[in-house]
Amino acid sequence: MRILHVLDHGLPVHSGYTFRTRAILKAQAARGWEVASVTSIRHGTSPALVERFEGLEFHRTPPVALLPSPLGEWQEVAAFARRIVAVAERFRPDVIHAHSPVLDALAALRAARRLRLPLLYEIRAFWEDAAVGNNNGTEGSLRYRLTRALETWAVRRADAVAVICEGLRGDLIARGIDPARIIVSPNGVDLELFGAPPRRDAALAAELGFSIDAEVAGFIGSFYDYEGLDDLIAALPALIAKRPRARLMLVGGGPCEEALRAQATASPAAAAISFVGRVPHGEVERYYSLANILVYPRKRMRLTELVTPLKPLEAMAQGRLVAASDVGGHRELIRDGDTGTLFAPNDPGAIAGALAGLFDDRTRWDERRAHARAFVERERNWSSNIARYAPVYQRLIESANREVTWTPPAVASI
């Protein structure tokens, strides 16, 4: 089986998007499938039209001069479609597998119809909601409504649709999409990368000024507004009043970093907050080893209610305790009081209370960590999750060969 993946961007860029992509491609290659990828002009400039990273092949789309929006987006789609066709004519895939955002789906649809190939469109988040979450759009605006309508149009025309969580599936069903056409391929963890819980890195702890008895709450990820890191920083004074040895470690970077650093500097708990910055992906385990609890204080909005994040799963695989805001995306991953702790979103006091409670009572820490790790191994392991694509691909290929409508696999197997 030969699968051509259509991507917004790819390795060597590091993001949650590229980490999920890498896991999919590596797991599919391990099954004996032949895979290749083509990235859009949004990946940026590259030294070559074809690049290989970690044994994976990425075809690049050369940049083009774009007119102002919305004409520029249509130019982008046209250029990307031409590149997909050129790559497909060389790679000769059985299926085109396009990944959101919707511009990728539009380009892939043009290419798939020209080449008479089946198309699976996978949605990781709705583009209009991601724009709101990144402070680049307003819910309900004209642009928001047009983007939403475009997404629905693309979904109706794809041969099959995959989503990463039940929240997205439910939203598509509410738009009138046939549930039988949608499969759920949830976020997962590559246990070869996050396989063994790391030992505490004493040298790194000393470098960051964490004593052996420090109680470390950590966040590892991107600094976007919707992640709620301002609420986490605001929770520190109340947490330290209850747990004087509490410390906060923030690993990563992003659009909100400057504002978060300023907020931390002005906090009465400033001495307890450490900004590490971005670290190479191969070094991330060292920082996981220092955090007693990984905290994910996402704010409540459509994006966080609908979409499941990846980072809590990585923390669970690393044998860390997880505390997260009680939003829909987290509830799909965390059983409160069993595999993790949920607290009220948009509430620094609730964060402080939840963390203080966990540090106060460690009697069930080992049990919770074991349950969380078992959940990842059983339900969020990419080596097994990847099997969800197999029956979809096979039916798409068979349907294309017979030129009949695709029949979905039994829902019970999804």
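**Terms and basis**

Ala, Val, Leu, Ile, Met, Phe, Trp, Tyr, Cys and Pro count here as nonpolar; Asp, Glu, Lys and Arg count as charged; the others, Gly among them, count as polar. This is a predicted model, in which local features need pLDDT of at least 70 and side-chain atom pairs count only at pLDDT 80 or more, while totals for chains, interfaces and linings use all residues. Residues are numbered from 1 along each chain as its sequence is written, and side-chain values use heavy atoms, with hydrogens and water left out.

Helices (H or I, at least four residues) and strands (E, at least two) are DSSP runs, numbered from the N terminus. Two strands pair if DSSP finds at least two bridges between them.

**The mixed sheet**

An open sheet is built from 8 strands, in the order E3-E4-E2-E1-E5-E6-E7-E8. Its pairing is mixed. Strand E3 (50-53) and strand E8 (182-184) stand at the edges. Each has a single partner strand, so one side of each is left without a neighbour in the sheet. Neighbouring strands are turned by 25 degrees against each other on average, direction ignored. For such angles, axes are lines fitted to C-alpha atoms, for helices over the stretch in contact, and values run from 0 to 180 degrees between N-to-C directions.

Strand E6 (residues 119-123) pairs with strand E7 (residues 160-163) in the parallel sense, over 4 bridges. Tyr121 has Val161 in E7 as its bridge partner. Helix H2 (residues 71-91) touches strand E1 (2-7), strand E2 (34-39), strand E4 (56-59) and strand E5 (95-99). The direction of H2 makes about 160 degrees with that of E1. Helix H6 (residues 166-174) lies across E6, E7 and E8, and runs at about 165 degrees to E8.

What is the sense of the pairing between E3 and E4? The pairing is antiparallel, over 4 bridges. Glu51 stands opposite Phe58 in E4. The hairpin has 2 residues between the strands, and Glu54 takes a positive phi near 55 degrees. E4 also runs parallel to E2, joined by 2 bridges. There, Val38 stands opposite His59 in E4.

**The parallel sheet**

Another open sheet has 6 strands, ordered E11-E10-E9-E12-E13-E14, with parallel pairing. At its edges stand strand E11 (273-277) and strand E14 (341-343). Each of these has a single partner strand, so one side of each lacks a neighbour in the sheet. From one strand to the next, the twist averages 25 degrees.

Strand E9 (residues 215-222) and strand E10 (residues 246-253) pair in the parallel sense over 8 bridges. Ile220 has Val251 in E10 as its bridge partner. Helix H8 (residues 229-242) packs on the sheet and touches E9, E10, E11 and strand E12 (293-296). The direction of H8 makes about 165 degrees with that of E10. Helix H14 (residues 348-360) lies across E9, E12, strand E13 (321-325) and E14, running at about 155 degrees to E14.

Buried means under 20% relative accessible area, exposed over 50%, and partly exposed in between (1.4 Å probe, protein chains only). Leaving out residues up to four places away in sequence, Asp231 touches Lys299, Asn346, Asp347, Pro348 and Ile351.

Asn401 is found in helix H17 (residues 389-402). Asn401 is exposed, with a relative accessible area of 62%. Asn401 and Pro118 are 283 residues apart in sequence, yet 9.8 Å apart in space, C-alpha to C-alpha.

**Pocket and cavity**

On a 1 Å grid over the protein atoms alone, a cavity is a set of points where a 1.4 Å probe fits but cannot get out; a pocket is an open set with protein on both sides within 12 Å along at least five of seven lines; lining residues have an atom within 4 Å of a point. Grid points are joined across faces, edges and corners, and a volume is the space filled by probe spheres set on the points.

The largest pocket holds about 1500 Å³ of space. Its lining has 48 residues, of which Ser15, Gly16, Tyr17, Tyr224 and Tyr226 lie nearest the centre. The lining divides into 23 nonpolar, 17 polar and 8 charged residues.

A search of the whole structure finds 1 cavity of 30 Å³ or more. About 90 Å³ of space lies in the largest cavity. Of its 13 lining residues, Phe19, Ala23, Asp190, Phe194 and Glu314 lie nearest the centre. H1 gives the largest share of this lining, 4 residues.

Notes: Contact = heavy atoms within 4.5 Å.
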